[in-house]
Amino acid sequence: MPTFSFTSKSVLETAAWAGKLADLLRPNDILALDGDLGAGKTAFVTGLAEKLNVKGQIASPTFTLLRDHEPANEGLALYHFDAYRLSGADEWYELGFDEYFEMGGITAVEWASLIKEALPARTIHISLERAGDNNRFITVTWADERQLQATVE
Ligand SMILES: Nc1ncnc2c1ncn2[C@@H]1O[C@H](COP(=O)(O)OP(=O)(O)OP(=O)(O)O)[C@@H](O)[C@H]1O
Ligand SMILES: [Mg+2]
């Protein structure tokens, strides 16, 4: 599987990079985000949402399992999930969340490894690791022919 890694040096760089990646996404893409508390998963989704130009604020928590952001004009919707409070893939299916994978928008799942059995093979995996206060080592792994080695100048 193709893979790409780089070190983001600020929260703004992570968000800007997410925007670059947004340009390469297609309907029904799934982004599985993993990394510890404060790694930058929500920061990534914020940059993604801005570039996709969807409605509503991106909220970090954990209190909501799903926020559905429709596009402000034309474009792709963003389905923002946080799996932190889910017991696992069984609960994901019970809640009917797998249907979002085929609804034509972009799905982004924080703490995606908690539901890994429910993730389709086409999922784009993004891991963020703390490497100091403002540095995050980011690795992207995907399964198709795309060139997802997006960089920020
Ligand atoms: N290079 C960086 N990329 C992303 N965030 C960074 C970076 N450097 C510092 N930060 C800070 O790290 C924090 C990331 O918080 P964020 O809510 O995005 O994490 P998270 O992975 O979603 O955590 P949670 O598991 O609680 O949802 C923010 O306070 C942000 O300012
Ligand atoms: Mg978060």
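Analyst: Happy to; below, the values are set against their definitions. The model is predicted, so local features need pLDDT of at least 70 and side-chain atom pairs count only at pLDDT 80 or more, while totals for chains, interfaces and linings use all residues. Residues are numbered from 1 along each chain as its sequence is written, and chains are lettered from A and ligands numbered from 1 in the order in which they are written.

User: What makes up the secondary structure of the protein chain?

Analyst: The protein chain has three helices and seven strands. Helices (H or I, at least four residues) and strands (E, at least two) are DSSP runs, numbered from the N terminus. Read from the N terminus, the order is β-α-β-α-β-β-α-β-β-β.

User: Why is the protein chain called as compact as a globular protein of that length?

Analyst: The radius of gyration, taken over C-alpha atoms, is set against the globule rule, 2.2 Å times the number of residues to the power 0.38. For 153 residues the rule gives 15 Å and the protein chain has 14 Å, which is close, so the description holds. The C-alpha trace spans about 40 × 35 × 30 Å along its principal axes.

User: How do you know that the length of helix H1 agrees with its number of residues?

Analyst: The expected span of a helix is 1.5 Å times one less than its number of residues. H1 (residues 11–22) has 12 residues and should therefore span 16 Å; its end C-alpha atoms are 17 Å apart, which agrees. H2 passes the test too: its 12 residues should span 16 Å, and 17 Å separates its end C-alpha atoms.

User: What makes H2 largely enclosed by the rest of the structure?

Analyst: Start with the cut-offs: a residue is buried if 20 or more other C-beta atoms lie within 10 Å of its own, exposed if 12 or fewer, and partly exposed in between, with C-beta atoms placed from the backbone. In H2, 10 of the 12 residues are buried, so the helix is largely enclosed. Among them are Lys 41, Phe 44, Val 45, Leu 48 and Leu 52. The cover over the buried residues of H2 includes H1, S2, S3, strand S4 (78–82), strand S5 (106–110) and strand S6 (124–130). Cover is judged by contact, where the C-beta atoms of two residues, placed from the backbone, lie within 7 Å.

User: Which residues of H1 are buried, and what covers them?

Analyst: The buried residues are Glu 13, Thr 14, Ala 15, Trp 17, Ala 18, Leu 21 and Ala 22. Their cover includes strand S1 (3–8), helix H2 (41–52) and strand S7 (136–141). An α-helix has 3.6 residues a turn, so residues three or four places apart point the same way.

User: What places a residue around ligand 1, and which come nearest?

Analyst: A residue is near a molecule or strand if its C-beta atom, placed from the backbone, lies within 6 Å of it. There are 19 residues around ligand 1, and Thr 14, Gly 40, Lys 41, Thr 42 and Ala 43 come nearest. H1 and H2 are the elements that give two or more residues to this shell.
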